[in-house]
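Dear colleague,

I am handing over the structure below, and after it you will find an account of what turned up when I went through it. Please keep it open beside this message while you read.

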Amino acid sequence: MMLALAFAGSVASLSVLAQGSVSTVPPSTVTTSNPPPQVKQNNLNTEVLDLLSLYREAAFNDPTFNAAKYSYMAGKEKRWQGLSVLAPQVVATGSETKSDVFNARLGTRSNDLMSRAWTVKLTQPLFSWDKWAQFRQGDLNANISEAQFAAAEQDLVIRVTEAYFNVLNAEDSLNLSRNKKALIAEQLEQAKRNFEVGTSTITDTHEAQSRYDLVVAQELAAEADLTIKRGALEQITGKQIAQLKSLSNTAKIDAVAKDRKVKLKKGEKPTPVNVQQVVAVQPGQTIQDWVKQAEDVSYSIIASKLTYEVATKETQRAYAGHAPYVDFIGQRGYSDSENTLSSDGTMLNTRSYSTQAIIQLTVPLFSGGYNQSVVREKSALANKALADLENTRRSVAQTTRQAYLGFNNGLAQVKAYEAAEISALSALESNKLGYEVGVRINIDVLNAQDTLFTTRRDLAKARYDTILNGLKLKAQAAVLSDEDLQAVNALLK
C-alpha cells in the first residue's frame, strides 16, 4: 500500500515507546530590553509551511522517490512477463513470391509467376522446468519491487522529517547566536561604563569584546549552515522554503511506537494493518523484541529474502538446461502457387491447405559445456544473494538497536537538558546580580551566558533527534504510516 499521502493508503502503523511525556518546544530566549532580530528569510515566498505540506510536495517532486515509483511500476510488469512464458505463443507468417522462369527447351519465358503462402502456428508449453522457474521469478521480482517501493515511501518520511528538523535546528542555533550577541553587547557596554567610572578594570572590557567578536563569527557560521540546511530541504521538496512551523510550546513527545507482531510465510509480502487494531506496546517490550520484529517484517529484509529466492530460481533454470521439455504445436497453413508445365509451358495454379497437431519432445544432449558453466555461475550468485541477505539482516538489527537506544536515551536527555536549562538560567541571573553588587566579575557572567545558550541549543536538538529516532524505529519495523507523520505535524505551531 502506498505510504505517500499523494498515493493514498497506508502501511501499517505503530506509535513511539515512551515513558512519560516531554515538552518538545525549542527554549525561549532570554528577555532583554532590546530583543535581537530573529531569523529572517530573503525568499519571496512568505508562506509558513509545516511538515505535512512539505511531505506532500516531496511525494511529487523528490527525484529519489520518483525514481523508486517508476522502478515499482516497471517491476510490477515482471509478474505478467513471468506469466506470459506459460501462455500459448502464436506466430503468423506470410509470404508472396514473384518468379521469372525461362524454359530452355521450349525457348519461352514465363513472367510473373506468383506464389503466396501463410502459416499460423500455436505453441503451448506442456512441461518445461525452465519456463516454470521463469514464471516464479516474475512473481518474486514483482514482490521485490513492492517491498522496495514501500521502503522508499518510509525513507521519504524519514528524509523529509530529518531535513525539516535540521532547518529548525539551524534556525534555533542562529536565533540563539543573535540573542547571545545581544546579551554580550549589553554586557560589553556595561563593562565599558564601569571602566569609565572606575568600578572595573579594562580586563572586563577586553573579555567582553573578545566574546562579542567570537559570537559574531558564530552567527555568520550559523547563517551559512541555515542556508545549506534549507537548500537540502528544498532539494527534496522542489519548493522554495521561507518559514517553517516550529514545535509548539505545549508539544509533548508521547508514545511514538506501538507494537505489531507480524509473521510472514516464506515468500509472502507484508500487508497493511488496520490502524484501529494496532495493539499498544507492553511494558515488558525490550530491545530484543524490537530487533526480532524488524527482522521479521523489515522491507529491506523482505526484499533481500525475495532476491535470494529469485537467485535460487535462476539456478533451477540453469539446471533445466539439461532437462527435456514438451510442447504442443498446432499449425494451420495455406499455399497458392503458379507453375508452368515443362512440356508445353501451360500455366497451372495449385492451392493447398494443411493442418498439423504435434506433441514435440526436445531433449538437450550437449551444448559444449555451456550449461555446466551457467549452473556454476548461478549457484555462486545464489550464495552471494544469501550472504547479502545475512548482511541486510545484521544491518537492520543494528539500525533498530540504534533507533531504540536513540529514542529512549533521547527522552532521558531531554529531561536532563530541561533541568539543566533551569539551573543555567538561575546561575546566569545570580551571576548578573553578583556582578552588579561587585562579588562576581564580568567573565563569570559571560561563562554563565555560554552555559545557558549551549544548554538550550542542545535541548532543542535532543527533542528533534528523539522524535526522529522514534520514526526511524517504526520504519525498521515496517509500520511507519502517514498517521505518524500527522501526529508529528500536530506538534508544530
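Which residues are linked in a network of salt bridges? They are Arg79, Arg136, Asp139 and Glu146, where a salt bridge is a side-chain nitrogen of Lys or Arg within 4 Å of a carboxyl oxygen of Asp or Glu.

Before going further, please note that this is a predicted model, in which local features need pLDDT of at least 70 and side-chain atom pairs count only at pLDDT 80 or more, while totals for chains, interfaces and linings use all residues. Residues are numbered from 1 along each chain as its sequence is written, and side-chain values use heavy atoms, with hydrogens and water left out.

Salt bridges

In what follows, helices are DSSP runs of H or I with at least four residues, strands are runs of E with at least two, and both are numbered from the N terminus. Buried means under 20% relative accessible area, exposed means over 50%, and partly exposed is in between, with a 1.4 Å probe and protein chains only.

Glu219 forms a salt bridge with Arg178, and their closest N and O atoms are 3.2 Å apart. Since Glu219 belongs to helix α4 and Arg178 to helix α3 (residues 129–197), the pair ties together parts that are 41 residues apart in sequence. Glu219 counts as buried at 8% relative accessibility, and Arg178 counts as buried at 11%.

In the pair of Glu421 and Arg456, the closest N and O atoms of the salt bridge are 2.9 Å apart. Glu421 sits in helix α7 (residues 370–437) and Arg456 in helix α8 (residues 442–476), so that distant parts of the chain, 35 residues apart, are linked. Glu421 is buried, with a relative accessible area of 14%, and Arg456 counts as buried at 4%.

Asp484 forms a salt bridge with Lys474, with the closest N and O atoms 1.9 Å apart. As Asp484 lies in helix α9 (residues 482–489) and Lys474 in helix α8, this pair ties together parts that are ten residues apart in sequence. Asp484 counts as buried at 6% relative accessibility, and Lys474 is buried with a relative accessible area of 1%.

Helix packing

Two packed helices are described by the angle between their axes and the distance between the axes. Here the axes are lines fitted to C-alpha atoms, for helices over the stretch in contact, and angles run from 0 to 180 degrees between N-to-C directions. Angles under 35 degrees count as roughly parallel, over 145 as roughly antiparallel, 65 to 115 as roughly perpendicular and the rest as oblique.

Helix α1 (residues 51–61) packs with helix α4 (residues 202–237) at an angle of about 55°, their axes being 7 Å apart, and the two are therefore oblique to each other. The contact (heavy atoms within 4.5 Å) is made by Leu54, Glu57, Ala58 and Asn61 of α1 with Leu233, Ile236 and Thr237 of α4. These residues divide into four nonpolar, two polar and one charged, where Ala, Val, Leu, Ile, Met, Phe, Trp, Tyr, Cys and Pro count as nonpolar, Asp, Glu, Lys and Arg as charged, and the others, Gly among them, as polar.

Helix α5 (residues 287–297) and helix α6 (residues 299–319) pack at about 45°, with axes 6 Å apart, and are therefore oblique to each other as well. In this contact Ala294, Glu295 and Val297 of α5 meet Tyr299, Ile301, Ile302 and Lys305 of α6, a set that divides into five nonpolar, no polar and two charged.

Nonpolar cores

A nonpolar core is a set of buried Ala, Val, Leu, Ile, Met, Phe, Trp, Tyr and Cys residues joined through side-chain atoms within 4.5 Å. In the largest core, which has 41 residues, Leu156, Tyr164, Leu233 and Leu244 touch the most other members. The elements that give two or more residues to this core are α1, α2 (63–84), α3, α4, α8 and α9, and the largest share, 13 residues, comes from α3. Leaving aside neighbours within four places in sequence, Leu156 is in contact with Tyr55, Ala58, Ala59, Asp62, Phe65 and Ile236. Apart from this core lies another, of eleven residues, among them Ala150, Val297, Ile302 and Leu306.

With best regards
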